[in-house]
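Hi,

Here is the model I said I would pass on. Have a look at it first, and my notes on what turned up follow below.

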Amino acid sequence: MKRQECIAMLLAGGQGSRLGGLTKNRAKPAVSFCGKYRIIDFTLSNCTNSNINTVGVLIQYKPFLLNSYIGLGSAWDLDNPFGGVHILPPFLGETEGSWYNGTANAVYQNYEFIDYYDPEYVIILSGDHVYKMDYTDMLRFHKEKKSEITLATIQVPWEEASRFGILTIDTDARITKFTEKPAEPDSNLASMGVYIFNGSTLKQALIADKGDYLSQNDFGKNIIPHQLKQKKRVYAYKFNGYWRDVGTIESYYQANMESLRDGHFLNIFDPKFRIFSNEDIFPPHFVGETAKIENSLICNGCIVHGNIINSILAPGVYVGEGVEIKDSIVLPYVKVHKGSKIYRTILGENAEIMSHCIIGAEGNISPAQEGIAVIEDYHQVPEGTVIDAGMNVYRSR
Amino acid sequence: MSNAIGIIFANSGSDNLQGLALERPIAAVPFGGRYRILDFALSSMVNSGIRTIGLVTPHQYRPLLDHLGAGKDWFLERKDGGLFILPGVMHALTGNKHTFCIKDLENNLEYLQKDFVENVLISSGDQIFNINFRDTLEEHKDKHADVTLIYKDNNNSDNDPNSEIFLELDEDRRVSNIQDKNGVEGNDLSPSQFVNILLIRRELLLEIIKKYSSFGCIDLMTIIAVNRGVLKVFGSPTSSLISTIRTIKDYYDRSMDLLNLNVREQLWLGVDRTHTKIVDNPPTKYTSKAKVQNSLIASGCTIAGEVINSIVFRGVILEQGCRIQNSIIMPKCHIYANAQTNFTILDKSVRVHGENVLKGSESHPLVILKKTVI
């Protein structure tokens, strides 16, 4: 019994170069998010909560930390005898084989994997979005409309529409037009990068795309427009929940900060739709006598002796006495020593800030990346260093 | 690979825990923000490389099994070895005085017979510690010992009033006498106190069970004491922090000790982690009105009130204006606005409505039973 109704192909190989120091050492889906999570937790948990038990994870860029984090998928209850999580790296065949060249090419190269499970439907997911979504609703819609390809869509603010792939639909929700990042959008319905294909349609589309030498082998840029031209039945499923692309420092920072607001749409506290993660085991966090914590998220294993305001501390963070951390995101295992001041900064994993440093500034002072300073993973900032707002600080190599 | 399997006696109860152990064995009492007392013995064995562990369960074993599941979070969900549930015979008795009752082992003889390993590490399940037994296992092997008893040398200051057995040792740390506290005058007690953890050859244990099972309820330690002349019984010292939980005062004091960095360093901040059931709670949310000092806070809480010198377990909600002092708040409690607690232990899922004031004292902390609504 290996045939599955629907399997997922999770695109997790992108470099995520726009996240600067955060993706120098790891693939974007493995970047820490909202304290205890990593970005890929959301998509993997969505699969579990949607009863999709077979997930192929396409990896390419700096995969070690991502692979070891995913493991057998047991942290998301995805280890099961019929399917489970499969890590799919680029590979060599007898006569061919190459690096993944675009999202569609990555799936094309793994068609043997899809054939093995012979699914009726394939859902294409992206490992760098933060959202909670039950894909079974979308699959039901796909079947009802007798659709061949269904795109999950979300309404975005008009002024941001030109950053997305924008769709125009008819009264039946059938897509009539798709434009990638239009200068003058005629709709604010954006593609979320989540596609359901009929198994046969996907195979044909990928083979056709492979034969097209001008194609960039990308689902959004090539496959979807080409299939529309072919008059395939392509429908738009409207998603009403919270969805964020966290592909840039600014959007990553904003999405994290949003989770501090009351009544936040993502609602990580909802027990009916849990987000699972593969956390290290830590004791509860300790709050010392000199600490003051306001409007913040604090994870297990932290030791806090300083002031934390509007910030997120991931697991295992140490904050010394007299430290002030404001409007900042502190990733796992960071140490901030005595008297340092951190404003509007993302401190990369395992970074160590020695005493009496000043990093960043309050408010949008610098025009660069909204004044958000970023310190790379494992970087050690020497005592007394002053780093301006909006700076990217990398480790010397 | 370690040449031992483990047995944890998780069936000791207590009438002195004021309701915390009313419907659960001591081993299943929540402790330290996210653990159960059993986690310490279990994690120490796992961290020592032991991957086959039998758990002697009491009459009320539901909370234990709920916590342990298949043992996955302790890496005990395995093909080779794993976690075994050994139903104890002392079904009806909660005030069982015996620590290692031979009847409990006889009932689960199969567990001991089917393995091939040399030794069995036996521990009680009502103690707080983080000990790596690798050295003891080595020593036991090197000395060709029949039994190795783990002990702690007491300076009078931290004499654990709960310990009942003391060891007299020669220069080679061979045990020359095993003293029962009740049978010896105060000043003659040896300073080497047995910590209810021992290593015994499996074949020997099987022989003992065969020979003594007709005696009914007899403690393994009594048998070892009687036969110490013919057996090679050694002592192995530990300097680790180790404390037994038998009374509500023990429970409160040992919990509050966790606010001391030195204690946390010995238990939690070393190389060996204490493992527990993972529930994937979100991070704890502090609102702008939160005020927390000198406290341990687990994940999944929402904190809008004031917390001083306290321990807060997972998923607790503390509303604005409430004040928690010197208290232990177990999972899923909800303290409404302006309620106050001082020297209070709230068992799981207690709700304290607004303006109520709960106050115990340091020597007699107030205990509120599970699911009480106030």
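Predicted model: local features only at pLDDT ≥ 70, side-chain atom pairs only at ≥ 80, totals over all residues.

Leu267(B) is buried, with a relative accessible area of 1%. Leu267(B) belongs to helix α9 (residues 261-267) of chain B. If you skip its neighbours within four places in sequence, Leu267(B) is in contact with Phe40(B), Ile128(B), Phe129(B), Asn130(B), Leu241(B), Leu258(B), Asp272(B) and Thr274(B). To place it against another residue: Arg314(B) is 47 residues from Leu267(B) in sequence and 19 Å from it in space, C-alpha to C-alpha.

Arg202(B), in helix α6 (residues 202-212) of chain B, has a relative accessible area of 7%, so it counts as buried. Leaving out residues up to four places away in sequence, Arg202(B) touches Leu112(B), Gln113(B), Asp115(B), Phe116(B), Val117(B), Glu118(B), Asn119(B) and Val120(B).

Over in chain A, have a look at helix α8 (residues 249-258). Eight of its ten residues are buried, so α8(A) is largely enclosed by the rest of the structure. Among the buried ones are Tyr252(A), Tyr253(A), Met257(A) and Glu258(A). What do the buried residues of α8(A) pack against? The answer is a set of chain A strands: β2 (32-33), β13 (243-245), β19 (312-313), β22 (329-330), β25 (345-347) and β28 (373-375).

Now the interface. There, 35 residues of chain A are in contact with 35 residues of chain B. The two chains bury about 2,900 Å² between them, and 53% of that is on carbon and sulfur atoms. Ile281(A), Pro284(A) and Phe286(A) supply 24% of the area that chain A buries against chain B, more than any other three residues. As for polar features, 18 residue pairs are in polar contact across the interface of chain A and chain B. On the chain A side, β14 (285-287), β15 (292-294) and β16 (296-298) each supply at least two of the residues that touch chain B. By class, that side has 19 nonpolar, seven polar and nine charged residues. Two salt bridges cross between the chains; Arg34(B) forms a salt bridge with Glu279(A), with the closest N and O atoms 3.9 Å apart.

Strands β9 (residues 165-169) and β10 (residues 175-180) of chain B pair in the antiparallel sense over five bridges, and Leu167(B) stands opposite Ile178(B). Five residues lie between the two strands, and Arg173(B) takes a positive phi near 65 degrees.

Last, the salt bridges, 29 of them over all chains. A few to click on:

- Asp186(A) and Lys177(A) meet at 2.8 Å, N to O. Asp186(A) is partly exposed at 44% relative accessible area, and Lys177(A) is partly exposed at 38%.
- Asp347(B) and Arg24(B) form a salt bridge, with the closest N and O atoms 2.9 Å apart. Asp347(B) sits in the loop between β25 and β26 of chain B and Arg24(B) in the loop between β1 and β2, so the pair ties together parts that are 323 residues apart in sequence. Both residues are buried.
- Lys277(B) and Asp66(B) form a salt bridge at 3.1 Å. This pair links distant parts of the chain, 211 residues apart: Lys277(B) in the loop between α9 and β14 of chain B, and Asp66(B) in helix α2 (residues 62-68). Lys277(B) is partly exposed at 25% relative accessibility, as is Asp66(B) at 39%.
- Arg26(A), Arg38(A), Glu349(A) and Asp377(A) are joined into one network by salt bridges that share partners.

Cheers

Terms used
Residues numbered from 1 in each chain as written. Chains lettered and ligands numbered in written order. Heavy atoms only, no water. Contact = heavy atoms within 4.5 Å. Buried area = accessible area lost by both parts, 1.4 Å probe. Salt bridge = Lys/Arg side-chain N within 4 Å of Asp/Glu carboxyl O. Polar contact = N/O pair within 3.5 Å; in protein donor to acceptor, adjacent residues only side chain to side chain. Helix = DSSP H or I, 4+ residues; strand = E, 2+ residues; numbered from the N terminus. Nonpolar A, V, L, I, M, F, W, Y, C, P; charged D, E, K, R; others polar. Buried < 20%, exposed > 50% of the residue type's maximum accessible area, 1.4 Å probe, protein only. Pairing = 2+ DSSP bridges.
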